[in-house]
Amino acid sequence: MTKPDPGPAAPPAARAAAVGGYILDCSYCGKPVSPTVHRRSGAPPYEVGYYRLLTGDLQLLTMQKPGEETVIVEFFKLLNPRWVAACRNCFADDRIQRELADLFSGVPEIPDGERAEGK
Ligand SMILES: [Zn+2]
């Protein structure tokens, strides 16, 4: 359960983003991240507090498609899942943006010899 945002008048520690009841720290600088702020008026209408993604190692698995004996489907199982968060300051660093993009889209290529074939 996520704690409600206490608002801009709350002390900085109380405004830190909470995920699942835990204060979320930036994976790069270690400081608690701030929640995203939405405004009813003004520009911009929101201010992103942090970026977060779930990543981990991938294992290629194959299985027979249920109900279709001749169709083999491939998928990746996420092993050792872990959250990575970046505060706004760290996300402004191009190197960190590239690393997060790689973590997000890092599905490995499957060599031709390892690709599953249908029967
Ligand atoms: Zn940071």
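## Contacts, core and backbone features of a predicted model

Leaving aside residues up to four places away in sequence, Ile 96 touches Tyr 28, Ala 86, Cys 90 and Phe 91, where two residues are in contact if their C-beta atoms, placed from the backbone, lie within 7 Å. The structure is a predicted model, in which local features need pLDDT of at least 70 and side-chain atom pairs count only at pLDDT 80 or more, while totals for chains, interfaces and linings use all residues. Residues are numbered from 1 along each chain as its sequence is written.

The protein chain contains three helices and six strands, these being DSSP runs numbered from the N terminus (helices, H or I, of at least four residues; strands, E, of at least two). Along the sequence they follow the pattern α-β-β-β-β-β-β-α-α. Of the contacts in the protein chain with a separation of 6 or more, 46% are between residues 24 or more positions apart.

Ile 96 also belongs to the largest nonpolar core, which has twelve residues in all: Ala 16, Ala 17, Leu 24, Cys 26, Val 33, Tyr 50, Ala 85, Ala 86, Cys 87, Cys 90, Ile 96 and Leu 100. Strand E6 (72-87) and helix H3 (94-105) each supply at least two residues of this core, and E6 gives the most, with three residues. A nonpolar core is here a set of buried Ala, Val, Leu, Ile, Met, Phe, Trp, Tyr and Cys residues joined through C-beta atoms within 7 Å. A residue is buried if 20 or more other C-beta atoms lie within 10 Å of its own, exposed if 12 or fewer, and partly exposed in between, with C-beta atoms placed from the backbone. Buried residues make up 13% of the 119 residues in the protein chain.

| Residue | C-beta atoms within 10 Å | Class |
|---|---|---|
| Asn 80 | 8 neighbours | exposed |
| Pro 32 | 18 others | partly exposed |

Pro 32 lies in the loop between strand E2 (22-23) and E3. Its C-alpha atom is 8.1 Å from that of Cys 87, although Pro 32 and Cys 87 are 55 residues apart in sequence.

Most residues other than glycine have a negative phi, and most peptide bonds are trans. Asn 80, found in strand E6, has a positive phi near 50°. The peptide bond joining Ala 43 and Pro 44 is cis, with omega about -5°, and Pro 44 lies in the loop between strand E3 (37-38) and strand E4 (46-47).
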